Amino acid sequence: MGDVNDPLASFAALRTDEGRSLLDAVRDVEPSQELAVATRLRREHPADLVSAALAQARLRQRAVPKFGAADAARMYFTPNGVEQSTRTTVATYRARRFQDLGVRGVADLCCGIGGDAIALARAGISVLAVDRDPLTCAVARANAEALGLAELIEVREADVTDVDTSPYDAVFVDPARRGGRGRIFDPEAYSPPLSWAVEAARKAPRAALKIAPGIPHDAVPGETEAEWISDGGDVKEAVLWFGAGVPGSHRATLLPAGDTLASPLATMLPDPAVRPVGRYLYEPDGAVIRAHLVAEVAARVGGGLIDETIAYVTSDAAVATPYAAAYEITDQLPFNVKKLKALLRERGVGILTVKKRGSAVEPEELRRKVKPQGPGTATVFLTRVGGAPTMLVGHPTGGAAA
Ligand SMILES: C[S@@+](CC[C@H](N)C(=O)[O-])C[C@H]1O[C@@H](n2cnc3c(N)ncnc32)[C@H](O)[C@@H]1O
C-alpha cells in the first residue's frame, strides 16, 4: 500500500483485489468485534490497508439510511462525503423533475461523492460531475463505476468557477454548506457563494440550486420556483428552480409519496384566521410550513389557526390530506401538569406522545412528571391557544376522514 498519509493512495489501495477482498471480509463486522478482526487480518495484510477497509466499512454503514443497504454496500465514501450527500429519495425525485423537463445533460457543480450525479445518471441523463477535492473526485468516479454508471458520469477535478457549462442544457449546484466550524447559515458564505450559483444558473437554459431549508425568503431570487422537500416528515432541503415551475412561486413536496403543493406568491392565500379549537387538529408537514403554504392546507380542511403565531390548524371536519397529520382532540386544558396527570390516569394512558409548538417545556421532563401508566395511548400538544399556554389531548385519526 502507498504512503498512508496520502489519502488518494490509500483509497486506490482499497480498490485493488486485495483491498476489495478485505472490504468483503469486514463488511458486517460489529464494532465490538473490530479489534479482534483487525488483529487477525493484520497477520496477512498491511495494517494500514486493514484500517482503511474498516473505516470504509463504517462509512458504508453510516450511509445506509441515505443510500439504502444495497447501494451503500457497493459505494465508497469519505466522512464529509457521506454527511453532505443528497439522500437517494430526494436526488431521485429531483432527477425526475429534470427528466420531465426534457433535460439530457447536466453540469453537476459541486458533485461530492456523487449522490445527485448517480440519481441523474439513473434517470438516463449524462452528467459532468465537478468537484475541486481530489479524493472526493476519486470516490465519485469509483461510485460511478461500482454502480455501472461510468458511461454517463464524467468526473472532473476543477474549481466550478472555471467550468464552461454552455454545452449542457441544465446546471445543478449543491454548494458546500459546512465549514471548519460546522454549518454555514449565510448563503454568501457557501462555497461557492449563492450569488455565484445564481449567476451560473441564469446562464443555463434550466437550473436547480440546492440550499438550506432555513434560507430567508428574501434571499430567494424572484424568477425562481422555491421548493421545500421533506422525506418521512423531516425537511431535508430547499431547491431553487430556474426555468422550471412557475417563476415567483413556492412548492412543498413530501417524499416518499411525492405529494406536491404549489402556489404563486402573488396569489398565495393570506394567513388563516384564528378560531376556537375544533374537533380536529392538523399538524402541517415541515415543508408546508417552510414554504409558507399553511393557509392552503387550512383552506383544504376548512380550518383556521389555533393561535396567530402557531402553525397548528384546527377544524370541525375530518379531511384526509397528505399535507398534515390529523388528530381528533378530546380535551383542551390550560397548561397544568397535575390536571394532565389526573386526566391521563383516569383514561389509563400509559403511552403518551408529547408534541410541542410554542412551548418551552421539554417533552421528556413532562413525561417523567406525569408518569403515564396503563394500556391506553394519547397524544398531548403543548402549545398556545389564543396566546394562553394550553394542553390539547387527542389521538391520531390515522389519516382517514371520519
Ligand atoms: C454539499 S457537497 C455536494 C454533495 C453532492 N451533491 C452529493 O449528493 O453527493 C459540496 C461539494 O462542493 C465542493 N466544492 C466546494 N466549493 C467548490 C468549488 N469552488 N469548486 C468545486 N467544488 C467545490 C466540496 O468539495 C464538496 O464536495
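Guide: Welcome! Axes here are lines fitted to C-alpha atoms, for helices over the stretch in contact, and angles between N-to-C directions run from 0 to 180 degrees. The structure above is a predicted model, in which local features need pLDDT of at least 70 and side-chain atom pairs count only at pLDDT 80 or more, while totals for chains, interfaces and linings use all residues. Residues are numbered from 1 along each chain as its sequence is written, and side-chain values use heavy atoms, with hydrogens and water left out.

Visitor: What makes the contact between α2 and α4?

Guide: On the α2 side there are Glu 18, Gly 19, Leu 22 and Leu 23, and on the α4 side Leu 49, Val 50, Ala 53, Gln 56 and Arg 60. Contact means heavy atoms within 4.5 Å. By class, this contact has five nonpolar, two polar and two charged residues. Nonpolar covers Ala, Val, Leu, Ile, Met, Phe, Trp, Tyr, Cys and Pro, charged covers Asp, Glu, Lys and Arg, and the others, Gly among them, are polar.

Visitor: Why is α1 called roughly perpendicular to α4?

Guide: Helix α1 (residues 7-14) packs on α4 (residues 47-74) at about 80°, with the axes 10 Å apart. That angle falls in the perpendicular range, and α1 is therefore roughly perpendicular to α4. Ser 10, Ala 13 and Leu 14 of α1 touch Leu 49, Ala 52, Ala 53 and Gln 56 of α4. This contact holds five nonpolar, two polar and no charged residues.

Visitor: How is α6 set against α7, oblique or perpendicular?

Guide: The angle between α6 (residues 88-100) and α7 (residues 115-122) is about 50°, and their axes lie 8 Å apart. The pair is therefore oblique. From α6, Ala 91, Thr 92, Arg 94, Ala 95 and Phe 98 meet Gly 115, Asp 116, Ala 119 and Leu 120 of α7. Five of these residues are nonpolar, two polar and two charged.

Visitor: What makes up the lining of the largest pocket?

Guide: A pocket is an open set of points on a 1 Å grid over the protein atoms alone, where a 1.4 Å probe fits and protein lies on both sides within 12 Å along at least five of seven lines; lining residues have an atom within 4 Å of a point. The largest pocket has 50 of them, with Gln 84, Asp 174, Pro 175, Ala 176 and Arg 177 nearest its centre. Helix α5 gives the most, four residues. By class the lining has 20 nonpolar, 13 polar and 17 charged residues. The volume of this pocket is about 1,100 Å³, a volume being the space filled by probe spheres set on the points, which are joined across faces, edges and corners.

Visitor: What is the peptide bond from Ser 191 to Pro 192, cis or trans?

Guide: That bond is cis, with omega near -5°, and Pro 192 sits in the loop between β6 (182-183) and α9 (194-203). Leu 255 and Pro 256 are also joined by a cis bond, with omega about 5°. Pro 256 is in the loop between β10 (249-255) and β11 (259-264).

Note on methods
Helices (H or I, at least four residues) and strands (E, at least two) are DSSP runs, numbered from the N terminus. Angles under 35 degrees count as roughly parallel, over 145 as roughly antiparallel, 65 to 115 as roughly perpendicular and the rest as oblique.
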